Amino acid sequence: SMIMLHGTPIDEEYPEWYFNSLNWTEGCIAMTNHDMREVWGLVKDGTLIEIRP
């Protein structure tokens, strides 16, 4: 019940591309930080998102 959309960690030691080849989200859906900012700008807080296989 806690599947989330999120960007990648901001970490100087590990650039964003580093996370592209890892399975680190524990079931969440990771997006690039750029794409996540776009979603934040287009979707109102509290909007339900349906995730389908």
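**Figure 1. Arg 52 in the segment after H1.** In this predicted model, Arg 52 is exposed, because its relative accessible area of 65% lies over the 50% that marks the exposed class. Arg 52 belongs to the segment that comes after H1.

**Figure 2. Ile 51 and the nonpolar surface patch.** Ile 51 is found in the segment that follows helix H1, which covers residues 33–42. With a relative accessibility of 44%, Ile 51 falls between the limits of 20% and 50% and therefore counts as partly exposed. Ile 51 also contributes to a nonpolar surface patch of about 340 Å², which is made by Ile 51 together with Ile 3, Ile 29 and Ile 49.

**Figure 3. Met 4 in the segment before S1.** Met 4 is placed in the segment before strand S1, a strand that spans residues 5–6. The relative accessibility of Met 4 is 42%, so that Met 4 counts as partly exposed. Met 4 and Leu 48 are 44 residues apart along the chain, and their C-alpha atoms are separated by 11 Å.

**Figure 4. The largest pocket and its lining.** The largest pocket holds about 280 Å³ of space. It is lined by 15 residues, of which Leu 5, Met 36, Trp 40, Thr 47 and Ile 49 are the closest to the centre of the pocket. Sorted by class, the lining of this pocket consists of 10 nonpolar, three polar and two charged residues. H1 supplies the largest share of the lining, namely three residues. Ile 49, one of the residues closest to the pocket centre, is also one of the residues that make the nonpolar surface patch.

**Figure 5. The whole protein as the setting for the close-ups.** The protein contains one helix and two strands, and these elements follow the order β-β-α from the N terminus on. Taken along the principal axes, the box filled by the C-alpha atoms of the protein is roughly 35 × 25 × 15 Å. Of the 53 residues in the protein, buried residues make up 13%.

Methods
Residues are numbered from 1 along each chain as its sequence is written. This is a predicted model: local features need pLDDT of at least 70, side-chain atom pairs count only at pLDDT 80 or more; totals for chains, interfaces and linings use all residues. Side-chain values use heavy atoms; hydrogens and water are left out. Patches are made of residues with over 30% relative accessible area and no salt bridge: like charges are joined within 9 Å, nonpolar side chains (Val, Leu, Ile, Met, Phe, Trp, Tyr) within 5 Å. Accessible areas come from the Shrake-Rupley method with a 1.4 Å probe; for residues, only the protein chains shown count as cover. A salt bridge is a side-chain nitrogen of Lys or Arg within 4 Å of a carboxyl oxygen of Asp or Glu. Helices (H or I, at least four residues) and strands (E, at least two) are DSSP runs, numbered from the N terminus. Buried means under 20% relative accessible area, exposed over 50%, partly exposed in between (1.4 Å probe, protein chains only). On a 1 Å grid over the protein atoms alone, a cavity is a set of points where a 1.4 Å probe fits but cannot get out, and a pocket is an open set with protein on both sides within 12 Å along at least five of seven lines; lining residues have an atom within 4 Å of a point. Grid points are joined across faces, edges and corners, and a volume is the space filled by probe spheres set on the points. Ala, Val, Leu, Ile, Met, Phe, Trp, Tyr, Cys and Pro count as nonpolar, Asp, Glu, Lys and Arg as charged, and the others, Gly among them, as polar.
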